[in-house]
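Here are my notes after a pass through this one. Have a look at the structure first, then read the points in order.

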Amino acid sequence: MKKYSYKHSIAILIIFHLIGLIGFQTPYRDLFITLTPLNLILSLILLIVHQEKTTKWWLAAIGIYIAGYLVEVAGINTGVIFGEYEYLSALGPGIWGTPPLIGVNWLILVISTASIAQMLFATKLVRSIVGATLMVMLDAAIEPVAPVLDFWEFSSAAVPTENYLAWWFIGFLMHFVYQKLDVSRSNKLGLSLYSIMLVFFLILNLSLQ
């Protein structure tokens, strides 16, 4: 029996995202949208499989999840961080108006973009800047289709600039702490997952608009 490898994880991610791309073009779009939580959890599990893990890393990961969730709670209930917006149904039930699953999204993005930054740069500050910028790049690809996919929706027609500024600043802080704790390690799946997600949402921007 062959040993489970990095290539198996990539194959799983590609297949799952392809199913989503095809499903979103059919009359059964709502059914495929309900698979969003499974996609997020699967992506996180596969990232963790390929992560060099220590007790400190686990604590950092839990901290990022909690911080990501709480900043969204603050944002949704005040409207002063990301702008006025509300969550729709795809990410599951919410507590204080915010689905706990959104913390998984923050954690996935920090792990994957930190891994990419670590591959490219040696300086922790530069890694933090690059990691935050990569996070905003992906968010910019997600935002136009987020309402169509029942993720979230802003009260204004256009996504407010403050959303991207807040994403970058909060992402930078998360990356900076992650780097300072010296728990960032090259995750073999990070670049692949980020690339798959970016291509996935860029294609959806072309096909669903």
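1. Which helix does M119 lie in? That would be α5. Bear in mind throughout that this is a predicted model.

2. On α5 itself: the helix runs over residues 102–120, 19 residues in total. From first C-alpha to last it reaches 28 Å, close to the 27 Å expected at 1.5 Å a residue. Of its 19 residues, 17 are buried, so α5 is largely enclosed by the rest of the structure.

3. Back to M119. With a relative accessible area of 46%, M119 counts as partly exposed. M119 also belongs to a nonpolar patch on the surface, together with L120, F121, V126 and L191. The accessible area of the patch comes to about 430 Å².

4. Next, α3. This helix covers residues 36–49, which makes 14 residues, and its C-alpha span of 20 Å is close to the 20 Å expected at 1.5 Å a residue. The buried residues in α3 are T36, N39, L40, L42, S43, L44, L46, L47 and I48. What do these buried residues pack against? The partners are α1 (6–23), α2 (29–33), α4 (55–78), α5 and α8 (190–208). So α5 turns up here again, as one of the elements that the buried residues of α3 pack against.

5. Now the aromatics. Searching the whole structure turns up 12 aromatic pairs. One of them joins F151 and W152, with ring centres 5.7 Å apart and 40° between the planes, which makes the pair tilted. Are F151 and W152 buried or exposed? Both are buried. The two also sit in one aromatic cluster, whose other members are F24, F82, Y85, Y87, F154, F200 and F201.

6. Two backbone angles I'd look at by eye. W96 has a positive phi of about 55° although it is not a glycine. You'll find W96 in the loop between β1 (85–87) and α5, and W96 is exposed, with a relative accessible area of 59%.

7. The other one is D150, again not a glycine, with a positive phi of about 60°. D150 is placed in the loop between α6 (124–142) and β2 (152–154). Is D150 buried or partly exposed? Partly exposed: its relative accessible area is 24%, and the cut-off for buried is under 20%.

Definitions and conventions
Residues numbered from 1 in each chain as written. Predicted model: local features only at pLDDT ≥ 70, side-chain atom pairs only at ≥ 80, totals over all residues. Heavy atoms only, no water. Helix = DSSP H or I, 4+ residues; strand = E, 2+ residues; numbered from the N terminus. Expected span 1.5 Å × (residues − 1). Buried < 20%, exposed > 50% of the residue type's maximum accessible area, 1.4 Å probe, protein only. Patch = residues over 30% accessible without salt bridge, like charges linked within 9 Å, V, L, I, M, F, W, Y side chains within 5 Å. Areas by Shrake-Rupley, 256 points an atom, 1.4 Å probe, with all protein chains shown as cover. Salt bridge = Lys/Arg side-chain N within 4 Å of Asp/Glu carboxyl O. Phe/Tyr/Trp six-rings, centres within 6.5 Å; stacked < 30°, edge-to-face > 60°. Contact = heavy atoms within 4.5 Å.
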